Amino acid sequence: MNASFTPSAADQTDELQAGRIRKFVSRLLTMRVVLAIAFTMIAIVPTVFLSGWVERTVLQHEVEAVEEKHLLLATNSKQSLERYVDDVETGFDLFVQALQFDQTSHYLQQLALRLKFRSLEIYAPDGLPEYVWNVAGKERVEIARDIRNNLVAGAPADALRFYPVQLDTRGRPTIYLARELPNGDVAIGVLSTDFIRKLQHSIAFGDGGHAAIVDRTGQVLAHPKAAWVNTLKDISAIDPVARMLRGETGVTQF
């Protein structure tokens with residue numbers, strides 16, 4: 001037996017209204033979701049940009065603070081080296097005068113040792129030694145002939161010249177000083193790099209940073225790596241050193 005049911009007009013109207021309501025509610029929910037997402041994105045995007053800006057600003061301030069400390073240490077080190085050079089120049093004149101008149105004393109010897117002199121020597125223009133003062137009081141270490149000849153031939157008369165670091169006959173890093181005296185003789189000072197190395201050891205940047213001190217040719221005078229110091233490693237090609245040798249200031253690299 002088959003049966004059929006035909007909804008009344010009222011039922012059809014109610015069903016149609018229910019469908020419209022469901023569509024309306026569906027659209028409303030969809031719009032709410034869209035609006036919620038939009039508002040969330042509006043809130044998140046500025047927050048992300050703000051947090052990134054804050055992070056960059058803080059990082060920049062940290063970098064500037066580190067650079068400022070670095071330059072302060074570099075300036076203080078430069079001043080220490082300049083004072084040391086002044087003391088060495090003054091001491092050199094005093095020691096040479098005392099040596100010429102055979103007036104060296106225990107007190108002058110202690111002063112020379114504190115300035116890190118190994119010896120002072122005076123040579124005639126022909127290269128023959130006239131006075132030799134072995135400041136350390138130990139076995140004398142002669143200046144290599146080629147170095148001595150260059151010092152005697154090239155010593156200026158108007159100022160004391162500091163020559164780039166070289167290895168002496170014992171393989172020790174050494175700085176030679178030379179000046180022509182009024183009578184034509186040449187005075188030569190033999191200086192260790194102990195003061196410069198001690199100064200470098202006193203400079204540190206946090207747990208892993210360090211300083212390096214080079215001569216005007218880029219050879220290492222003081223560095224945490226002893227092998228670089230003992231071999232007078234040339235680091236003039238390293239960017240910060242190259243900039244420094246060109247006379248640029250404020251160079252820092254981490």
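In the protein chain, residues 24 or more positions apart account for 50% of the contacts with a separation of 6 or more, where a contact means heavy atoms within 4.5 Å. The structure is a predicted model, in which local features need pLDDT of at least 70 and side-chain atom pairs count only at pLDDT 80 or more, whereas totals for chains, interfaces and linings use all residues. Residues are numbered from 1 along each chain as its sequence is written, and side-chain values use heavy atoms, with hydrogens and water left out.

The secondary structure comes to six helices and 10 strands, these being DSSP runs numbered from the N terminus (H or I, at least four residues, for helices; E, at least two, for strands). Of the 254 residues of the protein chain, 31% count as buried, a term that stands for under 20% relative accessible area, with exposed meaning over 50% and partly exposed the range in between (1.4 Å probe, protein chains only). The chain exposes about 16900 Å², of which carbon and sulfur atoms supply 57%; accessible areas come from the Shrake-Rupley method with a 1.4 Å probe, and for residues only the protein chains shown count as cover.

The largest nonpolar core has 28 residues, and those with the most contacts inside it are Phe92, Phe95, Phe117, Leu120, Trp133 and Leu177. Such a core is a set of buried Ala, Val, Leu, Ile, Met, Phe, Trp, Tyr and Cys residues joined through side-chain atoms within 4.5 Å. Among the elements that give two or more residues to this core are helix 1 (9-100), strand 1 (117-123), strand 5 (173-180) and strand 6 (186-192), and the largest share, seven residues, comes from helix 1. A second, separate core of 12 residues includes Ile143, Val152, Tyr176 and Ile188. Leucine 177, when its neighbours within four places in sequence are left aside, is in contact with residues that include Val88, Phe92, Phe117, Leu160, Phe162 and Ile188.

Glutamate 89 is placed in helix 1 and is partly exposed, with a relative accessible area of 30%. Not counting residues up to four places away in sequence, glutamate 89 touches Leu160 and Phe162. The C-alpha atoms of glutamate 89 and arginine 161 are separated by 9.5 Å, although these residues stand 72 residues apart along the chain.

About 300 Å³ of space lies in the second largest pocket. Of the 20 residues that line this pocket, the closest to its centre are Arg118, Asn134, Ala136, Val141 and Arg172. Strand 1 and strand 6 are the elements that give two or more residues to the lining, and the largest share, three residues, comes from strand 1. A pocket is here an open set of points on a 1 Å grid over the protein atoms alone, where a 1.4 Å probe fits, with protein on both sides within 12 Å along at least five of seven lines, and lining residues have an atom within 4 Å of a point.

Aspartate 102 lies in the loop between helix 1 and helix 2 and counts as exposed at 68% relative accessibility. Leucine 232, in the loop between helix 5 (226-230) and helix 6 (239-245), is buried, with a relative accessible area of 9%.

Definitions and conventions: Points joined across faces, edges and corners; volume = space filled by probe spheres on them.
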